[in-house]
Structure formats: structure tokens, C-alpha cells
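Please look over the model shown here with the notes below in hand.

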Amino acid sequence: MKRTWLSVSAVIAALALTLAGCGSKEENGAASPSGSPSVAATSSSSASPSSSPASESPGASASGSASASEKPAEVKKIIVGTGTQFPKVAFLDDKGKLTGFDVELVREIDNRLPGYEFELQTYDFGNLLLSLETKKIDFIAHEMEKNPERTEKYLFNKEPYAHWVNKIVVAKDNNDPIKTLDDLKGKKVLVGATSAEAQLVENYNKEHGENAIKIVYSSGSSADTVNQIATGRVYATLAADFALPLIDPEGKLKTVGDSLGAADILFVFRKNDPDSQTLADAVDGAIKELKTDGTLGKLSTEWLGQDFTQDVK
């Protein structure tokens, strides 16, 4: 009996140690729209936010498993910056949960990279690039268009997860013959600060005069953009073709004129940073898997209304 009692005790002790060392990924918390970061979701309830990745390199195998004799893999914490004001892309639902196409894509990529642990934090859109530069976040997920100006300062992953075409957007009852940016000379055009659309009109003004187009920088939500155009406070905005029905479900606006150019949508990382390059490469691998098994197209259709993951160039 003594020998049996000791054996049972040993088993119980072993189980206790095993349970203490186990962890699980779980969603945690909700974000609030503000200029300062809000912890929106994390894959570990016990980890606290960090301003930069942990120093350890990812140690999990591709399958996320390790033999009993191996040391448990170290997991690198990654802070992902996004927003809350882009309907169907990165927004708070009626229960206050952060969700949308980019948000759920990040969570899916997290599930496929066992060597990393992603935590979403929300910022005003205009603060995202600065937060990346100052290492408050490790990459940006907010339908970021790749263009020459951004490429000079930031690292983009190589595998696009969406594609769009930029168009001019005006009030639905506007019947002016608008075809190109030339037709917006002298008009007020509303764009988000630091956005790719802002870069388009800023570049136009560099070539055609500082105030050829009167740029108004938006600091409000998409609903405010719709209202300003519909009420005539500004004349137009520029937007991706897929975005109009998302930001204007009541159909107060319309796209007009020629395409202003097709763009690849990717995640944005810090440039000249070896850890960022390693992370970007890992994200590319996960996106390729998501494309191959159809998950990426399904996410786009679910959140954006159709598959915008196909190259439009």
C-alpha cells in the first residue's frame, strides 16, 4: 500500500507541473477609438503590451509542436497597430468588439504562426505610421497601399492580401463632367492625413501649383466624410473602389471619372530592421497559405462583399 500511495502522489505532482506549464491562445479585451493606443485583442491573457518585439526568436516548429524532451519553444510578442473607424475593415461592432477584414486576417495569420503571438492595438489612422517609427507597434494592418513615398521610409511584406483601384468620389446629385484630378482644380477635396489618397493630391499640387486642389485633411470618421460631401462643405474625396459601399451604405455618394491607379495592399513594417524582415517573411508565408486554401478570398467576400484579393493590374 505504501508503494502504491507514493506512485499516485508522483502522478499527481507530475500532472500539476504539466498544467502549470501549459498555456492557450484566447481573445481578450475590446478597443476604444482614441488617439492613444487601446489594447484591442491579445492571443494571451497573461502577457502585457510591449513597445517592440521581444528579443527571443521564434522557436516553434512549422507544425507548432515539440517533442517531450525538447525545451518549450519561446514565442515572440508582436504588437499590431490598426484603427476603429473603417467600417468592415477595422471597426468596433455593436458589442464593442474589434473586428473587420484586416482584423480577422491578422488573427488568422496569428493562428498559423506558432512562433509569434499577435496583440492588436488601436490608434487614430494618422498616428499609425508614427507609432511604427517610434516602435510602439511592430506592424500596421489598415488597408495600407504601397506607393513610392511610403516605400522610401517603410518595409512592406511582398505578398499582397488585397488590391484596389482609387477613384474620385462626389455627391450622388453632382452631375459635373469629372474625369481626372484636373477637374478638381480649385475644389475642396477631403482626404485622410498620411493616407495614400492624400499623397495623390499632394503630388498633383507639387506639379500644378501649391493650391491647385484645396486639400482638406479629415480628422473624423467615414460618416463625417460622407456628410461633408453630401452637404457641400467639400466637393470630393478619393477612395478605393471597394470602400464606397462600406463607408456610404445609404448611397449618398458615387464614384466618377477614370481610375487614378491600381494599388497593392500590404502590411507595413519598420525598414532596415532584421527582426521586421523576418516577421514580414513569416507573414508572407501565412498569406500564401491563406490564398491557396481559399481562406483569404472567403474573408474578403464575408467582410467586403466580394473577393478583392485578386490582382486588378
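1. Ring pairs, the rule. Rings of Phe, Tyr and Trp (its six-membered ring) pair if their centres lie within 6.5 Å; planes under 30 degrees apart count as stacked, over 60 as edge-to-face and the rest as tilted. By this rule the count comes to 10 aromatic pairs. Ring pairs join F101, Y116, F118, F139, Y161, F267 and F269 into a cluster.

2. Basis. This is a predicted model: local features need pLDDT of at least 70, side-chain atom pairs count only at pLDDT 80 or more, and totals for chains, interfaces and linings use all residues. Residues are numbered from 1 along each chain as its sequence is written, and side-chain values use heavy atoms, with hydrogens and water left out.

3. Overall make-up. The protein chain has nine helices and 14 strands. Helices (H or I, at least four residues) and strands (E, at least two) are DSSP runs, numbered from the N terminus. Of the 313 residues, 44% are buried. Buried means under 20% relative accessible area, exposed over 50%, and partly exposed in between (1.4 Å probe, protein chains only). Take the contacts in the protein chain with a separation of 6 or more: 72% of them come from residues 24 or more positions apart. Contact means heavy atoms within 4.5 Å.

4. A stacked pair. Which way do Y161 and F267 pair: stacked or tilted? The pair is stacked, at 4.5 Å centre to centre and 25° between the planes. Y161 lies in the loop between β8 (154–156) and β9 (162–171) and F267 in strand β14, so the pair ties together parts that are 106 residues apart in sequence. Y161 and F267 are both buried.

5. A tilted pair. The ring centres of F242 and F308 are 5.4 Å apart and the planes are at 50°, so this pair is tilted. Distant parts of the chain are linked here: F242 is in the loop between β12 (236–240) and α7 (244–247), and F308 is in the segment after α9, 66 residues apart. F242 counts as buried because its relative accessibility is 2%. F308 counts as buried too, at 12% relative accessibility.

6. Helix α2. This helix (residues 101–111) is mostly covered, with nine of its 11 residues buried. Those residues are F101, D102, V103, E104, L105, V106, R107, I109 and D110. F101 also belongs to the ring cluster.

7. α2 against α9. How do the two helices cross? The axes of α2 and helix α9 (residues 295–304) come within 9 Å and cross at roughly 155°. Axes are lines fitted to C-alpha atoms, for helices over the stretch in contact, and angles run from 0 to 180 degrees between N-to-C directions. The two helices are therefore roughly antiparallel (an angle over 145 degrees). From α2, F101, E104, L105 and E108 meet T295, L296, L299, S300, W303 and L304 of α9. The residues of this contact divide into six nonpolar, two polar and two charged. Here Ala, Val, Leu, Ile, Met, Phe, Trp, Tyr, Cys and Pro count as nonpolar, Asp, Glu, Lys and Arg as charged, and the others, Gly among them, as polar.

8. Positive phi. Most residues other than glycine have a negative phi. E143, in strand β7 (residues 139–145), has a positive phi near 50°. N272 has a positive phi near 55° and sits in the loop between β14 (262–270) and α8 (274–292). Are E143 and N272 buried or exposed? E143 counts as buried, at 4% relative accessibility. N272 is exposed, with a relative accessible area of 76%.

Note on methods
Parallel < 35°, antiparallel > 145°, perpendicular 65-115°, else oblique.
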